[in-house]
Amino acid sequence: MFPKGSAYSSIGLDIGKSSVKMLQLVKANGKFKILSLACNVFEATDVPDKDAAKKELLIKTIKKTYQTGFFKGKKVITFLPSQEVDLRQITVQSEDPKEIVKAIGFEADSYLPYKAKDAVLDYLEIGETLINGEKKKKVLLAAAQRNKIDDFLDILKGADLKCSAIDILPMAHLRIINQSDDMKKGTAVSVIDVGHEESRASVFYQGTLLLSRGIRFGSNTLTKTIIKELETDASTAEKYKSEYGIIEGEATPIDFQNDEKQYFKEKAPSLILEILKDDLEVLVFEIEKMFNYCSAELRGIKPKKMILTGGGAMVKNLSDYLKRKLEIDVELWNLSHALSNGKEETNSDGIESLSPIFATALGLALREQR
Ligand SMILES: Nc1ncnc2c1ncn2[C@@H]1O[C@H](COP(=O)(O)OP(=O)(O)OP(=O)(O)O)[C@@H](O)[C@H]1O
Ligand SMILES: [Mg+2]
């Protein structure tokens, strides 16, 4: 449910490595619509190393993003950066919440690199399993250092916002695909959020999270390689990624041999693919490794569908490339994956196709929707 008495959801706030995204839902006539959304990119050169300056830049960008949209209220739902959260799947004996809390405290103490008393712990029940014929509960344990959470809350406070919840990223991703036909059919589905320098890959099955991994590959990884190999600047590299993208196969025959510009345009996608091959292979290798782990360790589950989100998913032809390499169905995320029997719809301003850049912010805003 949305906050008591309100037709508005909390604002989904996605603080990324290169941009801040916000999205808010409104309930009208029993349907959910997008009330407002906004995104602000930081210049890569603006991101300072010093913690205090970085905090200031984030506060400034969050404030600016809030002002760019037409948001109601100050409540936000956000998530901690994945590197600050330890996720671990454990099995517990008991159904009793008190016993579960005890078990996760014990488990956390044994594996966290910091003391459990300095951590904020939370858990999520993700199903059941049989061990030696005995039914056990599977629980996803999430832990973060208390001082990291305090720093994060300070940023929100600085931006004059109120935090209604801190989520974990894979749960936001589950919500944006949970109503898709594949999930309803009980197929295992993977979501890959391609960000700036990192991607987050998760596998979902029967309405729950199976596993989630970080991959050191992002859209900026490709930008940096293009800059280096073609000795060009960042904006040209960005243009190549979104306009030409990557296409496998032979370059098309050229009719305009003496028109150098046209020659490059025709050849560019296969040329860029050649340049980016090593980077892309890292992504493919890591996804394959994760899928193999699912097959070997998790009841032989193999995702049949992969959905791409995040700004990096918009590298032209990335989904086709992954489809060929991984031999599974790959789709760029769109709003229809999140629609539940027409309960949500886009607003009258005509945001029919919500960019995959906003997928995470939507997943956060959907947390309060029942
Ligand atoms: N049309 C496009 N084609 C290719 N790449 C794009 C396009 N639009 C944005 N990007 C790239 O997407 C990245 C930003 O995506 P996104 O906003 O999802 O990342 P982020 O959330 O800031 O990062 P992270 O998730 O790693 O914290 C940038 O590196 C940008 O270059
Ligand atoms: Mg992101």
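Strands E6 and E7 (residues 134-145) pair in the antiparallel sense over 12 bridges, where strands are DSSP runs (E) of at least two residues and helices are DSSP runs (H or I) of at least four, numbered from the N terminus. Two strands count as paired if DSSP finds at least two bridges between them. The model is predicted: local features need pLDDT of at least 70 and side-chain atom pairs count only at pLDDT 80 or more, whereas totals for chains, interfaces and linings use all residues. Residues are numbered from 1 along each chain as its sequence is written, chains are lettered from A and ligands numbered from 1 in the order in which they are written, and side-chain values use heavy atoms, without hydrogens and water.

- Glu84 is placed in the loop between strand E4 (75-79) and E5.
- With 23% relative accessibility, Glu84 counts as partly exposed; buried means under 20% relative accessible area, exposed over 50%, and partly exposed in between (1.4 Å probe, protein chains only).
- Residues up to four places away in sequence aside, Glu84 touches Ala143, Ala144, Gln145 and Lys148.
- The C-alpha atoms of Glu84 and Ala143 are 8.5 Å apart in space, and the two residues are 59 apart in sequence.

**The chain as a whole**

- The chain has 10 helices and 14 strands.
- Of its 370 residues, 46% are buried.
- Among contacts in the chain with a separation of 6 or more, 63% are between residues 24 or more positions apart.
- The accessible surface of the chain comes to about 19,200 Å² (Shrake-Rupley method, 1.4 Å probe; for residues, only the protein chains shown count as cover). Carbon and sulfur atoms hold 48% of this surface.

**The surroundings of ligand 1**

- Ligand 1 is surrounded by 20 residues, of which Lys17, Ser18, Lys21, His196 and Gly311 are the closest; a residue is near a molecule or strand if one of its heavy atoms lies within 4 Å of it.
- A backbone N or O atom of Lys17 lies 2.7 Å from an oxygen atom of ligand 1.
- An N or O atom in the side chain of Lys21 is 2.7 Å from an oxygen atom of ligand 1.
- For Lys241, a polar side-chain atom lies 3.3 Å from an oxygen atom of the ligand.
- The protein covers 82% of the 650 Å² of accessible area that ligand 1 has on its own.
- Strand E2 (19-28), helix H6 (219-230) and helix H7 (234-244) each supply at least two residues of the shell. H7 gives the most, with 3 residues.

- E2 pairs with strand E3 (residues 31-41) in the antiparallel sense over 10 bridges.
- Met22 stands opposite Ala38 in E3.
- The hairpin has 2 residues between the strands, and Asn29 takes a positive phi near 50° in it.

**Loop residues with positive phi**

- Glu231, in the loop between H6 and H7, has a phi near 45°, a positive value in a residue other than glycine. Glu231 counts as exposed at 74% relative accessibility.
- Glu327, in the loop between helix H9 (318-326) and strand E13 (329-332), has a positive phi of about 55° although it is not a glycine. Glu327 is exposed, with a relative accessible area of 69%.

Notes:
Contact means heavy atoms within 4.5 Å. A polar contact is a pair of N or O atoms within 3.5 Å; within protein, one must be able to donate a hydrogen and the other to accept it, and residues adjacent in sequence count only if both atoms are side-chain atoms.
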